[in-house]
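Please read the numbered points below alongside the sequence and the structure. Each point takes up one topic.

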Amino acid sequence: MATPPPGYGAGPYGPYPPQQVPQPGPYAAPPGPYAVQPGSHPPPPGPYAPASAYPAQPGPSAPQPAYAVPPQGAGDGCRVCGCRPAAPATVRGHQGLLVVMRFLSLPGPFCRDCGTATYRRMSSDTLWQGWWGPLSVFITPFTLLLNLGPRAAFRRLAEPAGGFRPPLDPGKPLWRRPPALLLLVPALLVAVGVPALVVVGLLIREEAPPVLAVGQCVRNTGDWKDQDLVVTDCGSARAQFRVSKRLTTGAACAAGDFLSDPKYGGDGWTLNCLTPLR
Ligand SMILES: [Zn+2]
């Protein structure tokens, strides 16, 4: 008699139908709903054990195996824990590796807790692994947005129950995990930076040089190469010059006058004659 393979040996009920043979899923851990739980139901060697190569004889004397296989159809249980209800949503992730990219996807069904845990883990990983490539910069936000659909589907589910193992711990919300900072930093920069630029812009506008008009008095708080003219009341002791003339083409200032910088001309190039007050 042939030795049955360990774990799937022939029992008193005959060999399992081919579709019941546990298959390793594409994702190694954790065990899927169809994995045989260790030690749950060791198949005792039976006296009628047929060789596993032969198909089972259909008939009333061949009942289904007794271990916990969720019934097929009518809404599958969670792929991680077997709980119900479960939503058939696919969670995605992305990794940019400079030249190469990896598109990750984990199809459901997921129960509420396993789905939320998977969404948070894959989105969090994508947040720091996703950006490192020229195309990935665009694919990563798209992937994160795409995950919002499954996330909403999981949130609508009732509390998971009836699985063969406890559901996964959903863990911290995505925005409370360190990779979320990678999203918060640019958001904060925009939120703080834009008002800061507006304020700086207003300050610069306020410090624009005054446009001199004939008859005004000024004082110069800089030197003549880098003038800093401040309009001052002519009666004040601090007034140094009177704007005596707006210099047009062909005109000249009186002897002893100074020339104001063109930045005080209003148009950026007109000079004014500044006559010393004393
Ligand atoms: Zn689950």
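1. The site of the zinc ion is tetrahedral, with angles of 104 to 113° among its four donor atoms. This model is predicted. The protein donors are the SG atoms of Cys78, Cys81, Cys111 and Cys114, which lie 2.2 to 2.3 Å from the zinc ion. For comparison, the ideal angle for four tetrahedral donors is 109.5 degrees.

2. The donor residues of the zinc ion follow the spacing C-x2-C-x29-C-x2-C in sequence. Cys78 and Cys114 are both buried.

3. The largest nonpolar core has 21 residues, and those that touch the most other members are Cys78, Cys81, Val91, Phe110, Cys111, Cys114 and Phe154. At least two residues of this core come from each of S1, strand S4 (110–111), H1 and H3. H1 supplies the largest share, four residues.

4. Apart from neighbours within four places in sequence, Val91 is in contact with Leu104, Ser105, Leu106, Phe110, Thr118, Tyr119, Met122, Asn147, Pro150 and Phe154.

5. Which residues of helix H2 (residues 136–146) are buried? They are Ser136, Ile139, Thr140, Thr143 and Leu144. Seen down the axis of H2, these buried residues fall within an arc of 135°, so they line one face of the helix. They pack against strand S2 (90–97), strand S3 (100–107), H1 and helix H3 (148–156). The face of H2 turned away from the buried side carries Phe138, Phe142 and Leu145, which are exposed.

6. A second, separate core has seven residues, among them Leu212, Phe241, Tyr264 and Leu274. Leu212 is placed in the loop between helix H4 (181–206) and strand S5 (217–220). Is Leu212 buried or exposed? Its relative accessibility is 3%, and buried means under 20%, so Leu212 counts as buried.

7. The surroundings of Leu212 bring together residues from separate places in the sequence. Leu212 and Tyr264 are 52 residues apart in sequence, yet their C-alpha atoms are 5.8 Å apart in space. Not counting residues up to four places away in sequence, Leu212 touches Val218, Leu229, Val231, Val243, Arg246, Ser260, Tyr264, Asn272 and Leu274.

Definitions and conventions. Residues are numbered from 1 along each chain as its sequence is written. This is a predicted model: local features need pLDDT of at least 70, side-chain atom pairs count only at pLDDT 80 or more; totals for chains, interfaces and linings use all residues. Side-chain values use heavy atoms; hydrogens and water are left out. Donors are N, O and S atoms within 2.8 Å of the metal (3.2 Å for Na, K and Ca); water is not among the atoms, so sites may look incomplete. Four donors count as tetrahedral if all angles lie between 85 and 135 degrees; four count as square planar and six as octahedral if opposite donors are over 155 degrees apart and all others between 65 and 115; anything else is irregular. Buried means under 20% relative accessible area, exposed over 50%, partly exposed in between (1.4 Å probe, protein chains only). The arc is that of the directions from the helix axis to the C-beta atoms. Contact means heavy atoms within 4.5 Å. A nonpolar core is a set of buried Ala, Val, Leu, Ile, Met, Phe, Trp, Tyr and Cys residues joined through side-chain atoms within 4.5 Å.
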